Amino acid sequence: AAGPILVFLLEWLAAKRVMKDKFRSRDQGIVITFQAIAAISALFLPCVLILRADAPPLHGFLLIFPTVILWMKLVSYAHCNADLREEAISSKHVTGTEVLAVQDAVMQRYPDNVNVKDFLYFLAAPTLCYQTGFPRSERLRPRWLLRRFAELIFMAGLQLFLVEQYVLPTVHNSIDTLGHMNFVGIAERVLKLSIPCLYVWLCSFYSLFHLWLNIVAELLQFGDREFYKDWWNASTLDDYW
């Protein structure tokens, strides 16, 4: 928790100095340096904790996955506000709120956007790219939300079934084959695992990007729901990923 707090406090102090016209060009490097240290600490400390506790792979993944997301959000927050700060200093227009009719988003002018509510909303929002305003939906849809929760529970059960019935037995039966370095047997086991692993990957993609992110977006009334594009129609590997 120290990393996000430090990043926000540094940004808040910089914004206050900009408003009082006391921010100098040399201060920009100092703020960016300390924000980089805070963001790296937010990524580094959980890794140290996992190594010291000798955590199981699943537990380590459950800690590292949100940690990486948090780190990317902090980098985006600091980077975007650094650009806004430079623009505010050069233009000398550092007060007021700018409202833009872009997908129902209210865009705030720097440094009005540097506040606790805006920062916490960005940390919770299903996006990695910070901006001074996000499109918002008009209302919460309880029935739609319940359907997505039901689908998420079903997909979790389906993935558990695939892993327990197809993946784990094949992996357990592969131990002797790997021990004897039977390359034909190893190839056969890999091919046998490919289909259930593909289904698990597709279910995971659907659960995360279509169900979970939409659930979070609905709870926060986050208006931008384009969490993925038509990767199945991708013509190149870069578009696919």
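Visitor: Is E188 buried, partly exposed or exposed?

Guide: This is a predicted model, and in it E188 is placed in helix α7. Its relative accessible area is 38%. Buried means under 20% and exposed means over 50%, with partly exposed in between. E188 is therefore partly exposed.

Visitor: How many Å separate the C-alpha atoms of E188 and S90?

Guide: Along the chain, E188 and S90 are 98 residues apart.

Visitor: Are α2 and α3 roughly parallel or roughly antiparallel?

Guide: Helix α2 covers residues 25-53 and helix α3 covers residues 57-91, and their axes lie 9 Å apart. The angle at which they pack is about 175 degrees. Angles over 145 degrees count as roughly antiparallel. The relation of α2 to α3 is therefore roughly antiparallel.

Visitor: Are α1 and α3 roughly parallel or roughly antiparallel?

Guide: The axes of α1 and α3 come within 11 Å of each other and cross at roughly 5 degrees. Angles under 35 degrees count as roughly parallel. The arrangement of α1 and α3 is therefore roughly parallel.

Visitor: How many nonpolar residues does the contact of α1 with α3 have?

Guide: Among the residues that make this contact are V7, F8 and V18 of α1, together with L70, L74 and Y77 of α3. Two of the contact residues are polar and two are charged. The number of nonpolar residues is ten.

Visitor: Which residues touch the most other members of the largest nonpolar core?

Guide: In soluble globular proteins, nonpolar side chains tend to be buried together. The largest nonpolar core here has 27 residues. The elements that give two or more residues to this core are α1, α2, α3, α4 and α7. The residues that touch the most other members are L74, Y77, Y110, V114 and F222.

Visitor: Where does P111, joined to Y110 by a cis peptide bond, lie?

Guide: The bond between Y110 and P111 is cis, with omega at about 10 degrees. The place of P111 is the loop between α3 and α4.

Visitor: Is Q221 buried, partly exposed or exposed?

Guide: Q221 also is not a glycine and has a positive phi, of about 55 degrees. Its place is the loop between α7 and α8. With a relative accessibility of 25%, Q221 counts as partly exposed.

Visitor: Which element has the lowest mean pLDDT?

Guide: The protein averages a pLDDT of 86, and 93% of the residues score at least 70. Over residues 93-103, however, pLDDT stays under 50. Among the elements, α4 has the highest mean, 95. The lowest mean, 74, belongs to helix α8.

Notes: Residues numbered from 1 in each chain as written. Predicted model: local features only at pLDDT ≥ 70, side-chain atom pairs only at ≥ 80, totals over all residues. Heavy atoms only, no water. Axes fitted to C-alpha atoms, helices over the stretch in contact; angles between N-to-C directions. Helix = DSSP H or I, 4+ residues; strand = E, 2+ residues; numbered from the N terminus. Parallel < 35°, antiparallel > 145°, perpendicular 65-115°, else oblique. Core = buried A, V, L, I, M, F, W, Y, C linked by side-chain atoms within 4.5 Å. Buried < 20%, exposed > 50% of the residue type's maximum accessible area, 1.4 Å probe, protein only. Contact = heavy atoms within 4.5 Å. Nonpolar A, V, L, I, M, F, W, Y, C, P; charged D, E, K, R; others polar. pLDDT = per-residue confidence, 0-100.
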